[in-house]
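I am opening my notebook on a new model, and I want to write down, entry by entry, what I look up in it. The sequence and the structure come just below.

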Amino acid sequence: MEPAFDISWVRQQFPALTRGPRAGSEVFFDGPGGTQVPDQVIQAVSAYLAGSNANLHGPFRTSRESDRVVEEAHRAVADLLGCSEREVVFGPNMTTLTFWLSRALSRDFEPGDEIVVTRLDHDANHAPWKSLEEHGLKVREARFNPDDCTLDLADLRNKLTSRTKLVAVGYASNAVGTVNDIRAITRDAHSVGASVFVDAVHYAPHGPIDVRHIGCDFLACSAYKFFGPHQGLLYGKAEHLERLRAYKVRPAEESLPGRFETGTQNHECMAGTTAAIEYLAALGRRCGARAGDARRECLLAAMNAIRTYERGLARRLVRELLRIDGLEFYGIRDEDRFEWRVPTVAVRLGGRRPRQVAEFLGDRGIFVWDGNFYALNVTDDLGLEQSGGLVRIGLAHYNTDAEVDLLLDAVLTLRNQIRNGR
Ligand SMILES: Cc1ncc(COP(=O)(O)O)c(C=O)c1O
């Protein structure tokens, strides 16, 4: 039997949750906008700046240590994603990396070539591809089903043609929590000779990623969504990165992975990213990984345990929310299909604007986001953009049933106020 998920150990690792002036009086359901960070991330960032701060490739201690920090970070991300460290590219954030990639890939494309994107995605997986229309590319948009906010896979398939060069798809929706069948989509895309770019920003804190198993060509995520600092990451299959030409200054590095890392990188955040991954590996050692397991195995154990724990929280949250009349729910609600959602829950309440609901909760120390979260096509297609979008309750593995209860109580209080005309 797997050991129980040690939520009290988890919470102890996060100073925002258990220490400091407000610890315990605030509920962080704002993770989809950026999660809290454990002590070891804070310490790693600060230790780098205090003791190893330098540029790379110099003949002295701090520079050698910086070289090591950079190498370590590539290895850590490779373990997280299941790839080689040569296939990991660091950059400021996912959005910037994706614009960079679309520009680099455009050199391979010809006018009339096609790219398929989805209307379920964050705009960071839409705008960089749309921008290629100025080179004569055609961008086609796959729909989602408004009833349960799942991707319309038949529509996506219908949009694949012999001219499709790339399919850009999200692993999980940051607005409504839907998980897409990335493996099937990759298979379909490859069958017409198209590459696949996956935006895994929203999925990464919620489940294991295995780029070889998925078979995708590129995958991007952001460490600040999985308990690390503000740092973007990109996986690119070696065969693509070896071939693609980077926009670089002279005499920049030509070998992988440095070739694509333009300018001086954010070394302190790389140290912090390694520490976030180490935190997850440590969790994995408490959740079923065996002594002597490699870091990759520990990470898989952690992410599987997180997924199971979060599913329990989400089940309760969704079940109880659905009992509240006057509440509108967007996304997968059927528990039998919860493997196709992460615990990111989108609602509206009693005709109130989402900002008012988020403010009401925020005043009670419960932090949730409202609006479109840059998933503009989602709120547009649901007909909600003009009236303030959605309220997004974003659970993470450091949240508890007791916090879910606090949220449910607050939502019920607000619903009753609305009913009583207040
Ligand atoms: C699904 C998704 N994709 C992309 C992004 C953009 O990531 P970044 O802030 O690293 O550019 C976000 C951020 O909210 C996101 O949730």
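**Entry: a loop residue**

I began with Arg-107, which is exposed because it has 10 other C-beta atoms within 10 Å. For the cut-offs, I noted that a residue is buried if 20 or more other C-beta atoms lie within 10 Å of its own, exposed if 12 or fewer, and partly exposed in between, with C-beta atoms placed from the backbone. Before going further I recorded that this is a predicted model, in which local features need pLDDT of at least 70 and side-chain atom pairs count only at pLDDT 80 or more, while totals for chains, interfaces and linings use all residues. I also recorded that residues are numbered from 1 along each chain as its sequence is written.

Arg-107 lies in the loop between helix H5 (94–106) and strand E3 (114–118); helices (H or I, at least four residues) and strands (E, at least two) are DSSP runs, numbered from the N terminus. I then looked up Arg-245, which is 138 residues from Arg-107 along the chain, and found their C-alpha atoms separated by 8.5 Å.

**Entry: the sheet of 7 strands**

In what order do the strands of the 7-strand sheet lie? I read the order E2-E10-E9-E8-E7-E3-E4, in an open sheet with mixed pairing. The edge strands, each pairing on one side only, are E2 (88–91) and E4 (138–142); two strands pair if DSSP finds at least two bridges between them. Neighbouring strands here are turned by 20° against each other on average, direction ignored. Helix H4 (residues 61–81) packs on this sheet, where it touches E2, E9 and E10, and its direction makes about 115° with that of E2. Such axes are lines fitted to C-alpha atoms, for helices over the stretch in contact, and the angles run from 0 to 180 degrees between N-to-C directions. Contact means that the C-beta atoms of two residues, placed from the backbone, lie within 7 Å.

As a reminder to myself, strands of a sheet pair through backbone hydrogen bonds, either parallel or antiparallel. I found an antiparallel pair in E9 (residues 218–222) and E10 (residues 232–236), joined by 5 bridges, with Leu-219 opposite Tyr-235 in E10. E7 (residues 164–170) and E8 run parallel and are also joined by 5 bridges; Gly-170 stands opposite Asp-199 in E8, and Val-169 stands opposite Val-198. E3 and E7 run parallel too, over 3 bridges, and Val-116 has Val-167 in E7 as its bridge partner.

**Entry: covered strands**

Why is E8 described as largely enclosed by the rest of the structure? I noted that 5 of the 5 residues of E8 (residues 195–199) are buried, so the strand is largely enclosed. Ser-195, Phe-197 and Asp-199 are buried on one side, and Val-196 and Val-198 are buried on the other. E7 is mostly covered as well, since I read that 7 of its 7 residues are buried.

I then looked at Ala-142, which is found in E4 and counts as buried, with 23 C-beta neighbours inside 10 Å. Leaving out residues up to four places away in sequence, Ala-142 touches residues including Val-116, Thr-118, Leu-151 and Leu-156.

A second open sheet has 4 strands in the order E11-E12-E15-E14, with antiparallel pairing. Its edge strands are E11 (327–330) and E14, and the twist averages 30° from one strand to the next. E12 and E15 pair over 4 bridges, and Ala-346 has Arg-392 in E15 as its bridge partner. H13 packs on this sheet, touching E12, E14 and E15, and its direction makes about 170° with that of E14.

In H13 (residues 354–363), I found Pro-354, Val-357, Ala-358 and Leu-361 buried. Seen down the axis of H13, its buried residues fall within an arc of 95°, so they line one face of the helix; the arc is that of the directions from the helix axis to the C-beta atoms. H13 is followed by Gly-365, whose phi is positive, near 80°.
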